[in-house]
Amino acid sequence: METPVPAGVRAYDPATGDDAHAAPAGAVADGDDAQRGAYPPECPTPWNSLPRRGVDARHQEYQPLKGLALMKIGIIGAGNIGGNLTRRLTALGHDVSVANSRGPQTLTALAEETGATPVTVGEAARGAEVVVVTVPLKAVPDLPSGLLDGAADGVAVIDTGNYYPQQRDGRIAAIEDGGLTESRWTSQQIGHPVVKAFNGTYAQDILDRHRPAGDPDRMALPVAGDDDAAKRVVRDLVDALGFDTVDAGGIDESWRQQPGTPVYGLQKGLDAVTEALAEASEERPADFRG
């Protein structure tokens with residue numbers, strides 16, 4: 001039975017374990033890891049010393065690399081975010097392996113549609129230059145030990161996850177009491193730095209809202225991370241997917257793009273995303289506290 005969800009609260013299907021991304025008013029708890037189609041440079045300067053209350057106001061200086069090399073990419077999680085990234089990244093020519101908790105035999109249709117290689121979770125990072133972790137936060141500790149052992153040197157790990165204590169994940173003390181950002185906690189669980197991206201992005205926008213560079217309707221996405229080289233890889237990949245990026249600081253500043261913040265679910269360009277990051281409050285909204 002469909003259950004109405006308040007604006008901004010995520011839906012979740014415990015039967016599949018799929019994540020869910022920002023739902024507008026009138027959305028329903030249908031188990032998607034994001035909305036269905038009908039739903040509507042490096043930064044060497046310390047984050048807190050940047051203008052606009054810490055937001056990277058120098059975003060116009062960021063110049064994506066031209067002719068981004070094709071890469072081997074592993075995607076862990078095949079809900080709507082993982083599935084749509086699989087669709088777009090294979091369309092761009094990348095060598096994509098995709099995994100979910102239910103096994104590669106359940107990914108036959110996606111593999112046939114995209115040409116991606118279905119693999120087990122333990123195999124997804126093998127040889128990968130980029131790994132996307134897009135699973136429910138509560139499932140992160142259950143990922144295989146040594147998940148990234150076979151990845152390429154300098155692998156960039158993208159974390160798309162969000163913490164939904166009331167709706168799905170239960171209370172995580174290190175986040176609630178220890179003050180860790182969601183992505184810092186995820187990084188600790190997998191033993192590798194992560195770059196936070198796509199966590200507040202509508203899944204359907206990955207398919208429908210990409211635009212060429214310079215298009216006035218091009219959306220911008222916040223990207224946070226401590227590793228400048230990995231962040232650069234991710235920002236260039238996002239650019240190749242058809243979106244601008246705004247440097248949202250380090251992982252300890254990634255609360256600016258967590259659920260309930262102004263940038264979460266925002267479908268706007270560079271200036272609006274920069275402003276939304278500046279307006280964020282570090283206090284977690286009541287709907288997203290455990």
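Good morning. The structure is a predicted model, in which local features need pLDDT of at least 70 and side-chain atom pairs count only at pLDDT 80 or more, while totals for chains, interfaces and linings use all residues. Residues are numbered from 1 along each chain as its sequence is written, and side-chain values use heavy atoms, with hydrogens and water left out.

I begin with the overall picture. The protein has eight helices and eight strands; these are DSSP runs, numbered from the N terminus, with helices (H or I) of at least four residues and strands (E) of at least two. Of its 290 residues, 55% are buried. Buried means under 20% relative accessible area, exposed means over 50%, and partly exposed lies in between, with a 1.4 Å probe and protein chains only.

Next, the nonpolar cores. A nonpolar core is a set of buried Ala, Val, Leu, Ile, Met, Phe, Trp, Tyr and Cys residues joined through side-chain atoms within 4.5 Å. The largest one holds 29 residues, and Ile73, Leu85 and Phe198 touch the most other members. Among the elements that each supply at least two residues of this core are strand E1 (72–76), helix H1 (80–91) and helix H7 (228–241). H7 gives the most, with five residues. A second, separate core has 25 residues, including Val131, Leu147, Leu148 and Trp185.

Which residues does leucine 85 touch, not counting residues up to four places away in sequence? They are Ile75, Val132, Phe198, Ile206 and Leu241, where contact means heavy atoms within 4.5 Å.

Phenylalanine 198 deserves a word of its own. This residue lies in the loop between strand E6 (195–196) and H6. Phenylalanine 198 has a positive phi of about 70 degrees, although it is not a glycine. Is phenylalanine 198 buried or exposed? Phenylalanine 198 is buried, with a relative accessible area of 3%.

Let us turn to serine 183, in helix H5 (residues 182–190). Serine 183 is buried, its relative accessible area being 0%. Leaving aside neighbours within four places in sequence, serine 183 is in contact with Asp159, Val194, Lys196, Ile251 and Ser254.

Finally, the surface. The accessible surface of the protein comes to about 11900 Å², and 49% of it belongs to carbon and sulfur atoms. Such areas come from the Shrake-Rupley method with a 1.4 Å probe; for residues, only the protein chains shown count as cover.

Thank you for your attention.
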